[in-house]
Amino acid sequence: MAKDLHQKLVKAFDSFEASQTTSIMEAYHAHLYRIGETVLLQHKNQIITATLKGVNDEGLLMISDPEFPAFRHGEADWIW
């Protein structure tokens, strides 16, 4: 059963086309909290004010700060 499920999942992933992946990312960004807005983040002991640009294909949070352009999950904290 697990082998059959694995084969079906692999087949489903292989059937994705670039346009489908793009539309998924567009839908994700359309609902991303505070995208295009100024946010405050804390990275280590530094406070960063930047515009939230989105999430890239690798899952990194992209911001407008040239010193810290992207973060992995958990690398920065939101400041509310």
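Does Glu 37 count as buried, partly exposed or exposed, and at what relative accessibility? At 40% relative accessibility, Glu 37 counts as partly exposed, a class that lies between buried (under 20% relative accessible area) and exposed (over 50%), as found with a 1.4 Å probe on protein chains only.

The structure is a predicted model, in which local features need pLDDT of at least 70 and side-chain atom pairs count only at pLDDT 80 or more, while totals for chains, interfaces and linings use all residues. Residues are numbered from 1 along each chain as its sequence is written, and side-chain values use heavy atoms, with hydrogens and water left out.

**Salt bridges**

Glu 37 takes part in a salt bridge with Arg 34, the term standing for a side-chain nitrogen of Lys or Arg within 4 Å of a carboxyl oxygen of Asp or Glu.

| Salt bridge | Distance |
|---|---|
| Asp 4 and Lys 8 | 3.6 Å |
| Arg 34 and Glu 37 | 2.9 Å |
| Arg 72 and Glu 75 | 3.1 Å |

Asp 4 and Lys 8 are four residues apart in helix α1 (residues 2-15), and therefore about one helical turn separates them; helices (H or I, at least four residues) and strands (E, at least two) are DSSP runs, numbered from the N terminus. Asp 4 is partly exposed at 39%, whereas Lys 8 is exposed at 54%. Arg 34 has a relative accessible area of 25% and is partly exposed.

**Strands and core**

Strand β1 (residues 38-43) has a covered face made of Val 39, Leu 41 and His 43, and an uncovered face made of Thr 38, Leu 40 and Gln 42. In a regular strand the side chains alternate between the two faces of the sheet. Strands β1 and β2 run antiparallel and are joined by six bridges, where pairing requires that DSSP finds at least two bridges between two strands. Val 39 stands opposite Ala 50 of β2, and in the hairpin of these strands, which has two residues between them, Lys 44 takes a positive phi near 55°. β1 also pairs with β5 (residues 77-78) in the antiparallel sense, over two bridges, and the bridge partner of Gln 42 in β5 is Asp 77.

The largest nonpolar core has twelve residues, among them Val 39, Leu 41, Ala 50, Leu 52 and Phe 68; such a core is a set of buried Ala, Val, Leu, Ile, Met, Phe, Trp, Tyr and Cys residues joined through side-chain atoms within 4.5 Å. β1, β2 and β3 each supply at least two residues of this core, and the largest share, four residues, comes from β2.

**A buried aspartate**

Asp 65 lies in the loop between β3 (61-63) and β4 (70-71). Asp 65 is buried yet has no salt bridge, and the nearest side chain of opposite charge, that of Lys 53, is 10 Å away. A polar atom of the Asp 65 side chain lies 2.7 Å from the backbone nitrogen of Glu 67, and the Asp 65 side chain also reaches the backbone nitrogen of Phe 68 at 3.0 Å. Leaving aside its neighbours within four places in sequence, Asp 65 is in contact (heavy atoms within 4.5 Å) with Ile 48 and Ala 50.

Methods:
Lys, Arg positive; Asp, Glu negative; His and termini not counted. Polar contact = N/O pair within 3.5 Å; in protein donor to acceptor, adjacent residues only side chain to side chain.
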